[in-house]
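Let's take a friendly walk through this model. Keep the structure open beside the text and follow along strand by strand and loop by loop.

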Amino acid sequence: MSIPFSRRTLARLLGASAAAASMPDLARALPLVTPPTTLSSRSFPAGFLWGSATAAYQVEGAVKEDGRGPTIWDVFSHTPGKTANGDTGDVADDFFHRYREDIAMMKEMGLKSFRFSVAWSRVFPNPTMSSPGTPNPKGLDFYNKLVDALLEAGIAPYCTLYHWDLPQSLQNQGGWQNRATAQAFADYTAYTVKHLSDRVHNFMTLNELSSFVDLGYGVGVHAPGLKLSRKDLVQVSHHAVLAHGLGVQAIRANARPGTLVGIADNAEACTPVVETPEHIAAAQRAMREQNAKYLTVIMEGRYTERYLQHLGADAPSFTDADLKIISSPLDFVGLNVYPAAYVRADSSPQGYAMVPEPTTAPRMASPWLYVGPEALYWSPKLVHDIWHPKAIFITENGASSDDKLTPDGTILDTDRTMFLRNYLTQLHRAVSEGVPVKGYFCWSLLDNYEWADGYGKRFGIVYVDFKTQKRTPKLSAQFYKATIAANAVA
């Protein structure tokens, strides 16, 4: 029988004197616990890639420097009422000027890799649907210097080519509603990888298709702030997966030999509500169907029959050639994993039901971030079981917290540390069972511009004072550093 009360709790329940008197007896009654001398039981394979991730608009700032063109997020964030407190990414973390300082911090932390995104409008400030436009040497030069600095520090660069910051010039011509945007993305991708792939060996095409499509074009809470009909929204999602496929082909045709290509997708992390055969089978069915319009069509080259039947007359317009492009083979699948989506078996034709989140569900500072550590086991496991990709990376996982500086200038984010420890324990379970997860990118290195939430939601393991730009590693950074050093859950 365990004693689930701390000394502080006993004092509150029994009264301080009674608790104090009882503690020696409790101590004698309980066995002495010896701290573990090894973490081998939670160790990761040799060479496991520990990293962190950022996105251009969220950290770079310098939105009008060195020829960068405007993006949909510049316009959206400067539109009154669209973001919390009217916050914009004009300065963000000033990473554009401070990247060397931040890389030194990454090195001190022991990071093996760093995932960043290229701002399309730094490379091509004003592309059109018929031409990528004139390339901007100063914009590309920033990424050349960033990559060189990472390599000098012994940190492997992982590059995302699109993380939501569409050039405004393309939005003026229809943006992702216009099929030609997919080819425009491929043209930009071809140029960029041609100049970076001599040093960057891993590229991701697009980040979280469902987020920028559904939030930007469906409910309108992200840039460009549109609320399309279901039919038009479904067509946008098709253009996005087509852009991914064309991007893969552009990388294959223009990058140096040996370059690897994947995607960073926030596939719904279908998780069996109970680990029994019927619920596990239900979660497997749900994984395909709940992700039908993004990851499933990318991995299988077809939309599921149930997805198309559900849409009826609203189904997207596509060709067999589109599907072949969309399913261009990948070297790895990147998964952004946050909340779990719990699934149970039922007697419906689809054979599963999504379990509603209880009103008392534990959440981080972001209301959508329902804490379900099992997601980091089941998401990669089911992707592996269903599609058998060559390799999997966790391209994002992390938590928002209401971080506060203590009087001595530290940030004791025990909640984020708890979140990371529990999620990583589940990831270790997947890896130990043979799921080919090769690396993990913590979201995020820095507190940053959290899109429409502005600067109010902090996801970093490093605290940023946005007035002074001072960086302060948090308790979670200490935890992550210890994890990397041990190559095991600390």
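## A strand covered on both sides

Strands (E, at least two residues) and helices (H or I, at least four) are DSSP runs, numbered from the N terminus.

A word on the source: this is a predicted model, in which local features need pLDDT of at least 70, side-chain atom pairs count only at pLDDT 80 or more, and totals for chains, interfaces and linings use all residues. Residues are numbered from 1 along each chain as its sequence is written, and side-chain values use heavy atoms, with hydrogens and water left out.

## Closing the barrel

What does β1 pair with? On one hand there is β11 (residues 437-443), joined to β1 (residues 49-53) in the parallel sense over 5 bridges. Two strands count as paired if DSSP finds at least two bridges between them. Within this pairing, L49 has G439 as its bridge partner, and W50 stands opposite Y440. β1 also runs parallel to β2 (residues 113-117), with 3 bridges joining them; there, G51 is partnered by S113.

These pairings belong to a barrel of 8 strands, closed in the order β1-β2-β3-β4-β5-β7-β10-β11 with parallel pairing. On average, neighbouring strands of this sheet are turned by 25° against each other, direction ignored. For such angles, axes are lines fitted to C-alpha atoms, for helices over the stretch in contact, and values run from 0 to 180 degrees between N-to-C directions.

## Helices against the strands

Helix α11 (residues 230-254) lies across β3 (156-162), β4 (202-207) and β5 (260-265), and runs at about 165° to β4. Contact means heavy atoms within 4.5 Å.

Helix α10 is mostly covered, with 8 of its 10 residues buried; among them are F212, V213 and Y217. The buried residues of α10 pack against β3, α8, β4, α11, β5 and α13 (292-300). After α10 comes G220, with a positive phi near 75°.

Most residues other than glycine have a negative phi, and most peptide bonds are trans. Where are the cis bonds described here? One joins A223 and P224, with omega about 5°, and P224 sits in the loop between α10 (209-218) and α11. Another runs from W443 to S444, with omega near 5°; S444 is in the loop between β11 and β12 (462-464).

Two non-glycine residues have positive phi: D66, near 55°, and W164, near 85°. W164 is in the loop between β3 and α8 (168-171), and it counts as buried because its relative accessibility is 6%. D66, in the loop between α3 (56-59) and α4, counts as partly exposed at 33%.

## A buried aspartate

Finally, look at D93, in the loop between α4 (72-77) and α5 (95-109). D93 is buried yet has no salt bridge, and the nearest side chain of opposite charge, R471, is 5.0 Å away. A salt bridge requires a side-chain nitrogen of Lys or Arg within 4 Å of a carboxyl oxygen of Asp or Glu. Lys and Arg count as positive and Asp and Glu as negative, while His and the chain ends are not counted. Not counting residues up to four places away in sequence, D93 touches residues including Q58, R98, D447, F466 and R471.

Notes:
Buried < 20%, exposed > 50% of the residue type's maximum accessible area, 1.4 Å probe, protein only.
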